[in-house]
Amino acid sequence: MATHQPTPPGQARCLVTGAGGYIGGRLVPELLDAGYPVRCLARTPAHLADHPWADRVEIVRGDVTDATSLRAALRGIGVAYYLVHSMGSGPDFEETDRRAARTFAEQARAAGVRRIVYLGGLTPRDVPEERLSPHLRSRAEVGRILLDSGVPTTVLRAAVVIGSGSASFEMLRYLTERLPVMVTPSWVGTRVQPIAVRDVLRCLVGSARMPPDVSRSFDIGGPDILTYREMMIRYAAVAGLPRRLIVSVPVLTPRLSSQWIGLVTPVPASLARPLAESLRYEVVCADSDIRRHVPDPPGGPVPFDRALALALQRVRDAQVATRWSSASLPGAPSDPLPTDPDWAGGSLYTDERARAVAASPAALWRVIEGIGGENGWYSFPLAWAVRGWFDRFAGGVGLRRGRRDAQRLRVGDALDFWRVEEIERGRLLRLRAEMRLPGLAWLEMAVERDDGGRTRYRQRALFHPRGLAGQVYWWGVAPFHAVVFGGMARNIARTAEKAEPTAEKPGETGEKPGETGEKPGEAGEKPGEKPGAAS
């Protein structure tokens, strides 16, 4: 993590909020390459530590709803990027967005920030705001709050963003690849103006140089105006797929559409719904005024087919820098692991497994870090698939988010229905559950050496139940742990041994679940004590 450095003469220091998200994680290196010093605001700075640019920026802890932390983060900032918004469907998300934008605007003005830059959504012309979806309406309101802040503000309004890992691209990709024949909602005939993610980033970086007398919204889009049906047909052509048969029907509401998208694609229904709602109306740029301040690159903005080809190549080369799932989903648990000093206590159930592994620690770590996605979870695939389907039907993320990178993980990555909470390279991987659960859950996988110097695999599942439902859930699934978690430990060890065998003899070395001197499966610590083995 970079320490505070003096700002070069004439070059504004930039604050990036939402640096752990899809756009923010890509904007930071673009600003650095353009010569801007960058400070990132994060609720959990450790989640940014594994990004390749982390040692080139200053990372500060804070939240856009907390005036005190914002005041410190905005000190000495010339350009502040506001790249946060709620994608939840709860009753209070609009008020949360409103409060956060007002707090940010007030603190930016007080700090003497020279410009605010905000990426919002492109709204349809001639449609009253009250008829817009709650999410588009909230994005528009946030833009107005920032424009009224008294700080020169650039509001960039984009429709469908096409880039490797973007939610819009993933939705388009999976719908087209998995359904050669589609019965679709009527909005597939709505015209939209997609834009390549590299053009979005170009406009964001260029906005930092706008003169102080410019404070307004700009529509940004690519050179193509297409219906969603045309986008799917052109995706199939670029991807080398047979032409798709698409039949639209008027009976699929946005809610039904989002459930349909959630079943077919990795994008959960909670995120699919605002995407589907945004396609109900024509969203085409009303002007191209952005070109006066951010000139087009040689050859112009990236055409749609080229944007698809670039995104597909990134996916195939496993070079996806950020994904839509990089940002935590609303409602996902964010409590600290119960080994932290501020843990509030209560029951903590554990399932612990350990095995000697006839392979080097490096070989075992490669298997651990490669878990999930196409590699699966090394035990009872049907059980994992069924759990993922139940989660999808309950409105959760399900098991199909996959991985950002096929081989390497970093803190904050989504991993199917888990999120990477901590990595100690070569030693420990800790995952936090983001599936729907009556409690909080973690899964730890560790590489160790036993007293004889042999490689040892240690696996620990932890569950902190919430109320009676949590207790019932744990004891209801406990009988299946031997199959799921026991098989997982055995197969991870065997996979490492096949990849790089040694002269060691594999076998069980650790305790059975619950054999820790407490009631079976329950760690039984008091608040503040570390459960089980040290983390």
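1. First, the ground rules. This is a predicted model, where local features need pLDDT of at least 70, side-chain atom pairs count only at pLDDT 80 or more, and totals for chains, interfaces and linings use all residues. Residues are numbered from 1 along each chain as its sequence is written, and side-chain values use heavy atoms, with hydrogens and water left out.

2. Rings of Phe, Tyr and Trp (its six-membered ring) pair if their centres lie within 6.5 Å; planes under 30 degrees apart are stacked, over 60 edge-to-face and the rest tilted. The count is eight aromatic pairs. Tyr349 and Trp475 are edge-to-face because their planes meet at 75°, with the centres 5.4 Å apart. This pair links distant parts of the chain, 126 residues apart: Tyr349 is in strand 14 (residues 349-356) and Trp475 in helix 13 (residues 467-477). Helices (H or I, at least four residues) and strands (E, at least two) are DSSP runs, numbered from the N terminus.

3. Tyr349 is buried at 3% relative accessible area, whereas Trp475 is partly exposed at 42%. Buried means under 20%, exposed over 50%, and partly exposed in between (1.4 Å probe, protein chains only).

4. Trp377 and Trp418 form a tilted pair, with 6.3 Å between centres and 40° between planes. Both are buried: Trp377 at 5% and Trp418 at 6%.

5. Ring pairs also join Tyr349, Phe463, Tyr473, Trp474 and Trp475 into a cluster.

6. Finally, Arg216 lies over the face of Phe218, 4.2 Å from the ring centre. The criterion is NZ of Lys or CZ of Arg within 6 Å of the ring centre and within 35 degrees of the ring normal.
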